[in-house]
Amino acid sequence: MACAASAAVATVGLAVSPASAAPAKSATATQVKPGDACTAADLGTRHPYIKTTEVSPEVTHFKGWYVTQGSTGYQSVTTSTQTTISVSVGLNGNVQGSFAVETLGTVGASLGLNVQVNYSSTSSESNTVTWNFSRPGYYGVYKGTKKVTGTYASLDCNRAQQSDGSWALKWIEGPGSGSFTTYTTLEEGVVRCEDTVPANSIMAKAKDLLDCGSPAAKAEHPAGAVAPTAMQMRDHLVQRPAPTSGTSAEPPKATGRSAQVALNCQPAVYRIDVPGKPLNWSAPLLANDGIRLRESTFFSAHLDNWRLCNVTENNGVLEASLWNWGNGGCATVPANIANQEQAYLTTATCGEDDLQRFYIYRDVPGSTKIGLQNKYTGSMMGHDRYADGELIRQYSSGRQDGTGTYALTAV
């Protein structure tokens, strides 16, 4: 530990809890912005777009400590948890899947900070600080971090009409937004009332918490811990939850069991093809199976035939239920695994359920290429590899190799 009297800090590593808490690197590839050009290979992908950010110092652990003339030197101080900060993205607070990680990585790049990109919490940190106290006095011993909060939107690739009437593929702000909370690497240090500290710093936050105007700060004490002041107790009791304001909204309705509803289906029948290749989406015969890539044959029994139902359009993006002619069900992400990256797609009894609703992003007119996004989970549809029997799955950011782009082929 650095040897100093006061007004000093040291950066400390983070414990791993319950997943690796690796910080985001501040230098990443150029981030896409609304209106940037995209390609047909991007139809099945999405990226985060950071709309607002706020950085504020937080003291996570604190202890008032008195050093007398005879008690200087190295001492280990057990601090008390003052504020707990957890990493979260979206309303469910999970940091699962590539979209959440990319969101936090984009935040770190935009601010030039190393922020935590996997789930972690400051409550998991050891709260002991070892410091060399070289002079007597009243100290605040602390650990702290920069809390980073804000809001994000989802950028999706879709066709857009230009001022001259032509069409082009552009990144647009699609459905799906929310808030995030993360934090930088913890630092620890000590501060005294006499110290001059940088404004809006973690040290300044700790000095405020020292409550220098209180009788406890001015009184003589035995060496060691000082009882918390009223301000310290008040700050400790008022915990700060992750933000839910900004562009967050209540998640759309999704249920595990939906009452069957009558659908208003368009007359056209489609295959959902892998462009230029024979395999396409085929619905399952068995309820416990998923939608898989299959080749259409005489024996397909219309399991490869789909209709768009209850279709709406908003800002050029279609929303529809996908009804299968072969088994009479609607494409859906199973409710019990909907929160999982790479959850498979299946069919179920058609109902009023946003797990059965899909946004459809289209290539320019004349092309049948599309990308599909589940309304409830926000994830894009794709497959791991091109192979007969391969399951169609959801990927929070889509498949970046273009395997999430399909063709809506009329039959």
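Colleague: Which pattern do the disulfides of the protein follow, with bonded cysteines counted along the chain?

Modeller: Counted in that way, the bonded cysteines give the pattern 1-2, 3-4, 5-6, 7-8, and a search of the whole structure finds four disulfides. This is a predicted model, in which local features need pLDDT of at least 70 and side-chain atom pairs count only at pLDDT 80 or more, while totals for chains, interfaces and linings use all residues. Residues are numbered from 1 along each chain as its sequence is written, and side-chain values use heavy atoms, with hydrogens and water left out.

Colleague: What makes Cys-193 and Cys-212 a disulfide, and why is the disulfide called left-handed rather than right-handed?

Modeller: A disulfide is a pair of cysteine sulfur atoms within 2.5 Å. The sulfur atoms of Cys-193 and Cys-212 are 2.1 Å apart, so the pair qualifies. The torsion about their S-S bond is about -100 degrees, and the disulfide is therefore left-handed. The pair links distant parts of the chain, 19 residues apart: Cys-193 is in the loop between β9 (187-192) and α2 (202-210), and Cys-212 is in the loop between α2 and α3 (215-218). Helices (H or I, at least four residues) and strands (E, at least two) are DSSP runs, numbered from the N terminus.

Colleague: Why are Cys-193 and Cys-212 called partly exposed?

Modeller: Buried means under 20% relative accessible area, exposed over 50%, and partly exposed in between (1.4 Å probe, protein chains only). Cys-193 has 24% and Cys-212 has 26%. Each value falls between the two cut-offs, so both residues are partly exposed.

Colleague: What handedness does the disulfide of Cys-265 and Cys-309 have, and how do you know whether Cys-309 is buried or exposed?

Modeller: The torsion about this S-S bond is about 95 degrees, so the disulfide is right-handed. The linked parts of the chain are distant, 44 residues apart, with Cys-265 in the loop between α4 (230-237) and β11 (270-273) and Cys-309 in strand β14 (306-314). Cys-309 has 0% relative accessibility and therefore counts as buried, whereas Cys-265, at 26%, counts as partly exposed.

Colleague: What torsion do Cys-330 and Cys-350 have about the S-S bond?

Modeller: That torsion is about 100 degrees, so this disulfide is right-handed. Both Cys-330 and Cys-350 are buried.

Colleague: How do you know which residues have the most contacts inside the largest nonpolar core?

Modeller: A nonpolar core is a set of buried Ala, Val, Leu, Ile, Met, Phe, Trp, Tyr and Cys residues joined through side-chain atoms within 4.5 Å. The largest has 29 residues, and Trp-281, Leu-322 and Leu-345 have the most contacts inside it. The strand that gives the most to this core is β15, with three residues. Contact means heavy atoms within 4.5 Å. Leaving aside its neighbours within four places in sequence, Leu-345 is in contact with residues including Trp-281, Ile-291, Phe-358 and Met-381. Apart from this core lies another, of 16 residues, among them Ile-50 and Tyr-183. In soluble globular proteins, nonpolar side chains tend to be buried together.

Colleague: Why is the aromatic pair of Phe-133 and Tyr-139 called edge-to-face?

Modeller: Rings of Phe, Tyr and Trp (its six-membered ring) pair if their centres lie within 6.5 Å; planes under 30 degrees apart count as stacked, over 60 as edge-to-face and the rest as tilted. Phe-133 and Tyr-139 are 4.9 Å centre to centre with 75 degrees between the planes, so the pair is edge-to-face. The pair of Phe-298 and Phe-299 is also edge-to-face, with 5.5 Å between centres and 85 degrees between planes. Phe-133 is buried at 0%, as is Tyr-139 at 0%, whereas Phe-298 is exposed at 78% and Phe-299 is exposed at 73%. Trp-281, Trp-306 and Tyr-406 form one aromatic cluster.

Colleague: What makes the charged end of Arg-46 sit over the ring of Phe-99?

Modeller: A charge sits over a ring if NZ of Lys or CZ of Arg is within 6 Å of the ring centre and within 35 degrees of the ring normal. The charged end of Arg-46 is 3.6 Å from the centre of the Phe-99 ring, and Arg-399 lies over the face of Tyr-395 at 5.0 Å from the ring centre.
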